[in-house]
Amino acid sequence: QVQLLESGGGLVQAGGSLRLSCTASGRTFTSYTMSWFRQSPGKEREVVAGITWSGGRTYYTDSVKGRFTISRVNAGNTVLLQMNSLKPEDTAVYYCAADRRFPPPYDSEYGGQGTQVTVSS
């Protein structure tokens, strides 16, 4: 059974930092792109960042460039999202996803249950 387990969400003040972690299990994710997307009430799902299996290519949505960094560790089965200089508009539920395509699509093959990130002003 494939499982993507996220952790690291929470409440932080504007300007602060959080690091999200996602550990994948249940199959081999060689050649899979791992990504993070977010969704908040009243807004469309947004792909935030993605990284290929090798780590050689990354994707960031414009609003997080220069603030967020995605990386893969643990033989590629764990993906991290370092979020710095957080803004209230970053508040959302953040989901981990895995798919063979790059850039990461909105409809990834696998997705996690999500972790809440709340940024207070």
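**Ground rules.** I number residues from 1 along each chain as its sequence is written, and side-chain values use heavy atoms, with hydrogens and water left out. Because the model is predicted, local features need pLDDT of at least 70 and side-chain atom pairs count only at pLDDT 80 or more, while totals for chains, interfaces and linings use all residues.

**Entry 1: the sheet.** I looked up an open sheet of four strands, and I read its order as β1-β3-β8-β7, with antiparallel pairing. Strands here are DSSP runs of E, at least two residues long, numbered from the N terminus; two of them pair if DSSP finds at least two bridges between them. Which strands stand at the edges? They are β1 (3–7) and β7 (68–73); each has a single partner strand, so one side of each is left without a neighbour in the sheet. I noted an average twist of 15° from one strand to the next, the axes being lines fitted to C-alpha atoms and the angles running from 0 to 180 degrees between N-to-C directions.

I then followed β7 to β8 (residues 78–83), with which it pairs in the antiparallel sense over six bridges. F68 stands opposite M83 in β8.

**Entry 2: the core.** I found 28 residues in the largest nonpolar core. Such a core is a set of buried Ala, Val, Leu, Ile, Met, Phe, Trp, Tyr and Cys residues joined through side-chain atoms within 4.5 Å, where buried means under 20% relative accessible area with a 1.4 Å probe, protein chains only. The residues with the most contacts inside this core are L4, M34, W36, L81, M83 and Y94. Among the elements that give two or more residues to it, I list β3 (18–25), β4 (33–39), β7 and β8.

**Entry 3: the rings.** My search of the whole structure gave four aromatic pairs. Rings of Phe, Tyr and Trp (its six-membered ring) pair if their centres lie within 6.5 Å; planes under 30 degrees apart count as stacked, over 60 as edge-to-face and the rest as tilted.

F29 and Y110 form an edge-to-face pair, 6.0 Å centre to centre with 75° between the planes. F29 lies in the loop between β3 and β4 and Y110 in strand β10 (residues 110–111), 81 residues apart. Both F29 and Y110 are buried.

Technical notes. Buried means under 20% relative accessible area, exposed over 50%, partly exposed in between (1.4 Å probe, protein chains only).
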